Amino acid sequence: MNFCGIIYINNLTAYLDMEKKIVAKIFAEHGLGKVESVANIEIGFTNKVYVVNDAFILKVCEDKSNEQKFEIEVFFYNFFKDKIPVPEIKVFDKSKSIYSKFFMIYPKIRGDNLYAKWHLLNNDQRKIIIKQLCHILKVINQSPYDEFLQKFDVNFSDNWHDKI
């Protein structure tokens, strides 16, 4: 069954059982409790994304060539966590000791996806959201980026677009 881009897995195949076992191992290793349910979210472009126990998001970097971008994503979530709304990373593991891929875990963000609701909003509501997004972009643009440049060995540039 598919609801809002989420496929709920009821009768797991052997392959998906293996996936659930891996998720259970990851959660046990990081003290996140027992895995009761795993749902695949099919809205990601590059990574596999799962909802675990309807409480956590497990994002897995499936493409080795994307690992640095995945790590940069985690860096920015942590960097901006006290400045703008971003996921709160509970686990980032790039060791490949538990699972052979980079992965991150964060609490599931409650609410509706803006993409699914935008057409239902009136112009005043849309203006409020656009102002919030402009504020977020302003915070990003005004943030120092020295730590990012050093950590990821990026050449200096005058704008974020060139750094990301």
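In this predicted model, E71 is buried, with a relative accessible area of 15%. The residue belongs to helix 2, which spans residues 67–80. Leaving aside residues up to four places away in sequence, E71 touches F92, K94, F102, K151 and F152. With one of these residues, K94, the side chain of E71 makes a polar contact of 2.7 Å. The two residues also form a salt bridge, in which the closest N and O atoms are 2.7 Å apart. K94 lies in the loop between strand 6 (91–93) and strand 7 (103–107), whereas E71 lies in helix 2, so the pair ties together parts that are 23 residues apart in sequence. K94 has a relative accessible area of 41% and is therefore partly exposed, while E71 counts as buried.

Side chains of opposite charge can pair when their charged atoms come close. A search of the whole structure finds nine salt bridges. Among them is the bridge between K59 and E73, with a distance of 2.7 Å between the closest N and O atoms. K59 is part of strand 5 (residues 56–60) and E73 is part of helix 2, so this pair ties together parts that are 14 residues apart in sequence. K59 is buried, because its relative accessible area of 12% falls under 20%.

Another salt bridge brings together the side chains of E36 and K34, with an N to O distance of 4.0 Å. Both partners have a relative accessible area over 50%, the cut-off for an exposed residue. The value for E36 is 52%, and the value for K34 is 66%.

Salt bridges that share partners also join D54, K108 and R110 into one network. Of these residues, D54 lies in the loop between strand 4 and strand 5. D54 is partly exposed, at 36% relative accessibility. The backbone of D54 has a positive phi of about 55°, although the residue is not a glycine. N53 is found in the loop between strand 4 (48–52) and strand 5, and N53 likewise has a positive phi of about 55° without being a glycine. At 23% relative accessibility, N53 counts as partly exposed.

The structure holds zero disulfides.

A pair of aromatic rings is described by the distance of the centres and the angle of the planes. The structure holds twelve aromatic pairs. F70 counts as buried at 1% relative accessibility, whereas F92 is partly exposed, with a relative accessible area of 27%.

F92 also pairs with F102: the ring centres are 6.1 Å apart and the planes stand at 80°, so the pair is edge-to-face. F92 lies in strand 6 and F102 in the loop between strand 6 and strand 7, so the pair ties together parts that are ten residues apart in sequence. F102 is buried, with a relative accessible area of 7%. Both F92 and F102 are among the residues that E71 touches.

One aromatic cluster is formed by F75, F76, F79, F80, F148 and F152. Charged side chains sit over the rings of two of its members. The charged end of K83 sits over the ring of F79, at 4.4 Å from the ring centre. The charged end of K151 sits over the ring of F152, at 5.7 Å from the ring centre. K151 and F152 are also among the residues in contact with E71.

Methods: Residues numbered from 1 in each chain as written. Predicted model: local features only at pLDDT ≥ 70, side-chain atom pairs only at ≥ 80, totals over all residues. Heavy atoms only, no water. Buried < 20%, exposed > 50% of the residue type's maximum accessible area, 1.4 Å probe, protein only. Helix = DSSP H or I, 4+ residues; strand = E, 2+ residues; numbered from the N terminus. Disulfide = S-S within 2.5 Å. Polar contact = N/O pair within 3.5 Å; in protein donor to acceptor, adjacent residues only side chain to side chain. Contact = heavy atoms within 4.5 Å. Phe/Tyr/Trp six-rings, centres within 6.5 Å; stacked < 30°, edge-to-face > 60°. Lys NZ or Arg CZ within 6 Å of the ring centre and 35° of its normal.
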